[in-house]
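Colleague: Before I rely on the labels used for this chain, I would like to hear what stands behind each of them. Could you take me through the terms one by one?

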Amino acid sequence: MNRRTDLVKNQLPAQGQLILEAAEETTDGIVFRVRVKDAPHCPACSESLVWYHSRYVRRLRDLPWQGKPVEIHLQTRRFRCRNKECARKVFAERLPALADRRARETARLWEIVGVVGYALGGLPGERLLHRLGIKRSDDTLLRRVKTRGRAASQPKVRVLSVDDWAWRKKQRYGTMLLDLERSQVIDLLPVRSADSFAEWLGLHPEVEVITRDACMPMEAARARLPQSKSRTASTWFPTWVKRQSAIFSNSR
Ligand SMILES: [Zn+2]
């Protein structure tokens, strides 16, 4: 029994982060009931002290098994952040390795549908996927191809850090943009101006929180975000130090 359970568990996406509670075969296909192993950090401030709030079940379509449709029923918990200064009061746990925040399918199924759409186009791709047990219309495939193209050229960033950096010290400065959740420099703007930053923000509507060095011009951010979501680096200092250390140690 344990070997069978391990066999199933090892085929799940994000397997190290999930606990398999049940596997059932229904008339519609196969259902895996899972939950996340660890309590999350707050996505806004990285606070690890969180209170359990409530839970719900999220249904995610996954890759078929032997032509049978598979659904993952993820027991998703909501938590309350205990950081009194944090703007985010309640949040649901996320598992990017399993699925995007609002997706109704797993990341690996999303990827396969996009790959088939890209390789074969709408109708031929739809026919092949149906033979494999994945029912998607040709319109869905074409939309997916377009979305993949946009996603590849514009990485999604939710918590953005803005800092200045020197092309030439004391002479010419640009703007460095960092994804604080991924600890990655994601863009370098050639100048340090509110206009160039506003233009960049216009291309990234997914940004929810912006932190900045106190001297950065933030007119663009103020126009785009509620005041509560625009913060100076000092209010984020513990997170800031931790993330910056990770970025610079990775780049060595
Ligand atoms: Zn928080």
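Modeller: Two strands are said to pair if DSSP finds at least two bridges between them, and the strands themselves (E, at least two residues), like the helices (H or I, at least four residues), are DSSP runs numbered from the N terminus. In β4, Leu74 is the residue that Val34 stands opposite. This is a predicted model, in which local features need pLDDT of at least 70 and side-chain atom pairs count only at pLDDT 80 or more, while totals for chains, interfaces and linings use all residues. Residues are numbered from 1 along each chain as its sequence is written.

Colleague: How do you know that β2 pairs with strand β4 (residues 68–81)?

Modeller: Pairing asks for at least two bridges, and six join β2 to β4, the two running parallel. Strand β1 (residues 18–26) and strand β2 (residues 29–36) also meet the rule, with eight bridges in an antiparallel arrangement. A hairpin of two residues connects β1 to β2, and Thr26 stands opposite Gly29 in β2.

Colleague: Why is Leu142 called partly exposed?

Modeller: The label counts other C-beta atoms within 10 Å of a residue's own, placed from the backbone: 20 or more means buried, 12 or fewer exposed, and anything in between partly exposed. Leu142 has 17 such atoms, and is therefore partly exposed. Leu142 is found in helix α4 (residues 138–153).

Colleague: What is Leu142 in contact with, leaving aside its neighbours within four places in sequence?

Modeller: Contact requires C-beta atoms, placed from the backbone, within 7 Å, and beyond those neighbours Leu142 is in contact with Gly117 and Gly122.

Colleague: What makes the span of helix α2 (residues 107–120) close to the expected one?

Modeller: The expected span is 1.5 Å times one less than the number of residues; for the 14 residues of α2 this is 20 Å, and the helix reaches 20 Å from its first C-alpha to its last. Its buried residues are Leu109, Val113, Gly114, Val116 and Gly117. They cover an arc of only 165° around the axis, so they lie on the same side of α2, the arc being taken from the directions from the helix axis to the C-beta atoms.

Colleague: How confident is the predictor in the chain?

Modeller: On the pLDDT scale, the predictor's confidence in each residue from 0 to 100, the chain has a mean of 77, and 77% of its residues reach 70 or more. Over residues 232–252, however, the pLDDT is below 50.

Conventions. Contact = placed C-beta atoms within 7 Å.
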